Every structure is written in C-alpha cells, then in structure tokens.
Amino acid sequence: MGSSLGPNGSVIGKCNAAALGCTTAQSTQITATGTFTAQTGQATVDVLVVAGGGSGGSDASGGGGGGGTLLISCHPLTNLGLAVPVTIGAGGATPCCTATPPYGGFPGSETHFGTACGTDTITTTGGGGGGKPSPTAAYPEGYAPSGGSGGGAAWIPPGNAAPTPAGSNGNSPPTCAAYGAPQGNNGGGGWYQHPPSASNAGYGGGGGAGGAGGDGPNPAVSEMGGLGGVGKDVTPVFGAAPQPVYIADGPPRTGPSAPGLFGGGGGGVGTYYAPGGTGGPGGGGESSDGGPPGITPPNRDQSVDGVENTGGGGGGGQTSGSPSSDRGGNGGKGIVLVKEPSQPFVSVGGIWPQQAQYLNKKAGNWT
C-alpha cells in the first residue's frame, strides 16, 4: 500500500498561518533587589547599572564618590534566564557619629544585573568614601577609599610635607570582571595653605560617573569646598527628560538626576567658615559649611545625603564639634534601568515546515 505525505512533508501536524505582532518599546525602573522579566521575543536589551554611592567623610572631609555606572546597549539575555536576578547596591553609611571621630566615608555596594559572577552579568562597583584628615592604622593621611568613582581627599594636617593629597581612583574593579566601558572618575584632591593652618584647608569633591571631582580650593581663589563630579548622561539611550524612570531630587540639591544623570559625586567641605561644595548633578549630596553652626554664611549646617536610587555620593561633613553637624552624608543606593526596543515577531503555533522555520529564523521573526 502506498503512503501519502501530509501538508508539512513527512511530518503530520497542523499547518498554521503566521501570527504577526510587535513587542512594545518600554523602559523599566528597578529600585530594589528582585528580578526582571523581558517581553516574549526579546533577545537583547539596553541596560543602565548603577552601584551605591560612597558616603562623605565626617569632621571636615571629602565628598563620597558616585556609584560605578555602566550603560550597555544590546546586552544579550541568552545566559541570564527568563527572570533575570537583579541586586541593587546600598549606599555607604555615614561614618558619624561615634565616640572617636573623625572617620573617612564608607564605600557603596555593588549592583548586579544577573547572578553575581554569572555569564553576561553586568556588575558595577560602589562609590569610594570621602577622605578624612586624621590617620588610622587602616588609612594614611588624607586617604580616600577608591571605588566606581573615587572619594574626595581630605587635607593633610599641619606638619606633613605634601600640601595636596590626591583624591582616590575611580574604576576600581568589582568582585567579578566588569562588562563594558569605564565606570567612573577620580575624586578631587585636598589642599592646605602654607604655613599650615587648620582654617585654610580645602577638601575634594567625590568623583562622578561622568566627570572627576573638584579639588579642595586654594583660598586665594575661592574658599568653597570641592565640587562633586557630574553624573553620567543616559538620555542618548533612555530619552530626554522628563522620563518616568528618572529620579527627581528634592531641595536644596542643585544637581538633580531628573534630566537623566546618575552617579554624581558628593561635595567636599570648604575652608573654615566657607560654604561647602555642591553635589554633582546626578544625585550627589552637598557638603555642610566649614565652621560652627551660626557662623556666616550659615547655608548648610549639615551635609546632605546622596539621592536614593541615583548612586549619588554623600556630602562631606564639616568640623564644628557637634556630632549632628560633623556627620558625612550617606551615599544614595543604586538603580537598574532596562530598555526593551520594539521589534516584530511571529507567534509560532502547531507544527511548521522546516523551510518556513528556516526562512522566519533568517528574517529574525522566529520566537
């Protein structure tokens, strides 16, 4: 008895017409540790990964560095699974107020898009802490911990040789290899006048994801503290402001992330009685004023925290003898933004001839 072939060749099954469709272009904001699930048919996404910002140092110190920031286009989802794990890094905590200040700021924590150290996982490094003026066994004079962006340096106390300690380095590697471009920039350097005087000392601003922190100023030029480095501009990928995925700052900040900036550095303390440095646009916190509360200009008696979910560094704390005023600002925790482009697809049902599978796969329409 002869055999007959079905409409799909030698394979018997339902011969369906293609169901054409299109995935929706959308951006997702992830502000807490959890998972991200892409739309059906998405093979790649654009991803912004921002680590937690570093805290500013306390009792006359530099600003905290912005969290390491990576903006990756067309990142493959192949090895990340259907529900991609996301870990949002915390900001560094203020080192104040303990029994024996002063202390340098603490670095922020890493942010992961994917399983930590997994294939195709994007990991960014927390921002460095702000430097402090007095040494400990762990930290030399003026030292500022490095990070995704470096912390601003403190001044070196009178009697030391070097007048300008450098801010710490940015682009410190994460626990696993970084994916993609550099993550940030260096913090600003500290300064003090010769002959040494505690009233003529400047403190560096924390580095930002888009620019270095400003140096502690020379009082002959300006007594304001070092400016925080600017954050990274993500508008080329996620669009111009306003966008619902951008984070708005509250007063008195001068550098909101609402225009699409993330990972700004914290401002450094100015010379005694002088204004503190402003935070870098992109979530960086301002420094408190240098000098006791009530001394003109009494603009900011306390430092400002980095903005939550921007990776902004905290502002440096002033010197006044008051624990609440000495505190450095906390670093802002990190964030992940994911953009899924719109793309055509074919919804597959039943059994398809091999030639139809091949042609749709070649055209990029097979899901």
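Trainee: Is His112 buried or exposed?

Mentor: First, the basis: this is a predicted model, in which local features need pLDDT of at least 70, side-chain atom pairs count only at pLDDT 80 or more, and totals for chains, interfaces and linings use all residues. Residues are numbered from 1 along each chain as its sequence is written, and side-chain values use heavy atoms, with hydrogens and water left out. Buried means under 20% relative accessible area, exposed over 50%, and partly exposed in between (1.4 Å probe, protein chains only). The relative accessibility of His112 is 9%, so His112 counts as buried.

Trainee: With which side chain does the side chain of His112 make a polar contact?

Mentor: His112 is found in strand β7, residues 111-113; strands (E, at least two residues) and helices (H or I, at least four) are DSSP runs, numbered from the N terminus. Leaving aside neighbours within four places in sequence, His112 is in contact (heavy atoms within 4.5 Å) with Pro85, Val86, Thr87, Thr121, Ile122 and Thr123. A polar contact is a pair of N or O atoms within 3.5 Å; within protein, one must be able to donate a hydrogen and the other to accept it, and residues adjacent in sequence count only if both atoms are side-chain atoms. At 2.9 Å, the partner side chain is that of Thr123.

Trainee: Which residue of β6 stands opposite Thr37?

Mentor: β3 and β6 pair in the antiparallel sense over four bridges. The residue of β6 opposite Thr37 is Ala83.

Trainee: In β13, which residue is the bridge partner of Val49?

Mentor: β4 is mostly covered, with six of its seven residues buried. Six bridges join β4 to β5 in an antiparallel run, where the partner of Val45 is His75. β4 also pairs with β13 in the antiparallel sense, over five bridges. There, the bridge partner of Val49 is Val336.

Trainee: Which cysteines form the disulfide?

Mentor: A disulfide is a pair of cysteine sulfur atoms within 2.5 Å, and the structure holds one. The sulfur atoms are 1.6 Å apart, and the link is right-handed, with 45° about the S-S bond. The pair links distant parts of the chain, 59 residues apart, from the loop between β7 and β8 to the loop between β8 and β9 (191-192). The cysteines are Cys117 and Cys176.

Trainee: What is the relative accessible area of Cys74?

Mentor: Cys74 lies in strand β5. Phi of Cys74 is near 55°, a positive value in a residue other than glycine. Cys74 is exposed, and its relative accessible area is 53%.

Trainee: Is Asn309 buried or exposed?

Mentor: Asn309 is found in the loop between β12 and α2 (323-326). Phi of Asn309 is near 60°, again positive in a residue other than glycine. With a relative accessible area of 11%, Asn309 is buried.

Trainee: Which residues does the cis peptide bond join?

Mentor: The proline concerned, Pro242, has its place in the loop between α1 (235-238) and β12 (261-262). Omega is about 0° for the bond, and the residues joined are Ala241 and Pro242.

Conventions
Pairing = 2+ DSSP bridges.
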